[in-house]
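Please keep the structure open beside the text as you go.

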Amino acid sequence: MSALTQLLPTPSDRMGTIWGLLAIKDACILEYGPAGTTHFGLGPISSLELEARGRYFVTHLDEKDVIMGNVERLEKAVLEIDTQNKPQYIFIIASSVTATIGTDLVGISRALQDRCNAKLEVFESGGFAGNYLVGFEMVYERLVHLLNEIEIEAVQQNPATDRPLRYHILGGSPDHYRWRSDVLEIERVFDEALSAEVAQTFLIDSALSELGEIAKADFCLLLREEARPLAKYLQERFEIPYFEANFYGYEGSLEVVEAVAQYFGRQICDKFSDEIKAHQAEIAYFPFYARQLSQPLRFFSIADRDHNQGLAQAISELGFEFEAQLDITAPEPERLAALARMDDALVFADSESLSRLPETAQGILISFPWYDKSFYARHLPFMGPRGMDQLAEIVHDHLMKRP
């Protein structure tokens, strides 16, 4: 095995925690670690559309701090942020250095708590608990912890009334490619189909100051596995049901809407149902054309678990299936070997994987990480009916190029 790596390392739970917290509009983060790691981390933060200015701080460390265990920088930074920024919470995060030397951040935060107006919360793993998806899950688990500490007025659920349903979207993570377009598509679908309105979206665009309003929803849509701790908590404490939403494809989107409508005894708008059926009729010819090909179409994807499942749902509606779907966190040798086999195929993947495809493959950017990409459009989803429209066009174009 080569000692040299060719692919970027999978981000650690520390990075997932930082990204997840920065997705919350009013979260304030203090990392106890060297400034260099923060400097090199600002590039991904920008590409993920996260705002770090005034919310993400680092103490820096020197040899004396590491060797002698001096924590004066940390104490001063916490008190300064508390005085000047006046946040509701300060999330103190261990770097890999301070986690390795065993700095007791929990003990330090307890000693400082009486001198702070902000509530101090600590993430101690330092990047040694797993990959970035583990970090996202840690943020959701911490939200559950915070909810247990605040007083929340429960709302009486009455699905028999004719008032508009309200719902939370759980799993809107910053590593989700075109997350804003996908979230807007979900909102559009539920507005048109059931006249339902979104309450809050976690983690993207959520706010700690609005946690007290979290019980004011009738149901939740669970988009990503790492958001399950929050979904289960809301169900158990407030009896807010959650629906696992594989919101890809015409059929997949309709199944989620039908499940919600059936649960609450609501009627889906006929216009919405008719439009879905019309789109399904338009793609019914795909299997016929595929049978005329001299060689079968080959499909691959490299993404997180939930993206892979969603793409499989959508492609199956077109009459195809993936030859292989690889997790983005798979070991480097496995990823490189898989990429070498993706010749003459349609591949949905991240920027780094797409840059290493064989020349005969066609690549579609759909997952994290992505390079040099800015998002201006808010109407180009991969989820929902409109996302399926886009996927159908991509597959059709690829199909028409085949002999």
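1. Two strands count as paired if DSSP finds at least two bridges between them. With that in mind, this predicted model contains an open sheet of four strands, whose order is β2-β1-β3-β4 and whose pairing is parallel. The strands at the edges are β2 (56-58) and β4 (119-123), and because each has a single partner strand, one side of each is left without a neighbour in the sheet. Direction ignored, neighbouring strands of this sheet are turned against each other by 25 degrees on average.

2. For a closer look at one pairing, take strand β1 (residues 29-32), which pairs with β2 in the parallel sense over three bridges. Here L30 can be found opposite F57 in β2.

3. Helix α6 (residues 105-113) lies across β1, β3 (89-94) and β4, and runs at about 175 degrees to β4.

4. How do helix α7 (residues 132-149) and helix α9 (residues 228-238) cross? Their axes come within 8 Å and cross at roughly 25 degrees, and the two helices are therefore roughly parallel to each other. On the α7 side the contact is made by E137, Y140, E141, L143, V144, L147 and N148, and on the α9 side by P229, L230, Y233 and R237. These contact residues divide into seven nonpolar, one polar and three charged.

5. On the cysteines, a disulfide requires two cysteine sulfur atoms within 2.5 Å, and the count comes to zero disulfides. C116 is in none, since the nearest cysteine sulfur, that of C28, is 11 Å away. C116 is buried, with a relative accessible area of 8%, and C220 also counts as buried, at 0% relative accessibility.

Key
Residues are numbered from 1 along each chain as its sequence is written. This is a predicted model: local features need pLDDT of at least 70, side-chain atom pairs count only at pLDDT 80 or more; totals for chains, interfaces and linings use all residues. Side-chain values use heavy atoms; hydrogens and water are left out. Axes are lines fitted to C-alpha atoms, for helices over the stretch in contact, and angles run from 0 to 180 degrees between N-to-C directions. Angles under 35 degrees count as roughly parallel, over 145 as roughly antiparallel, 65 to 115 as roughly perpendicular and the rest as oblique. Contact means heavy atoms within 4.5 Å. Ala, Val, Leu, Ile, Met, Phe, Trp, Tyr, Cys and Pro count as nonpolar, Asp, Glu, Lys and Arg as charged, and the others, Gly among them, as polar. Buried means under 20% relative accessible area, exposed over 50%, partly exposed in between (1.4 Å probe, protein chains only).
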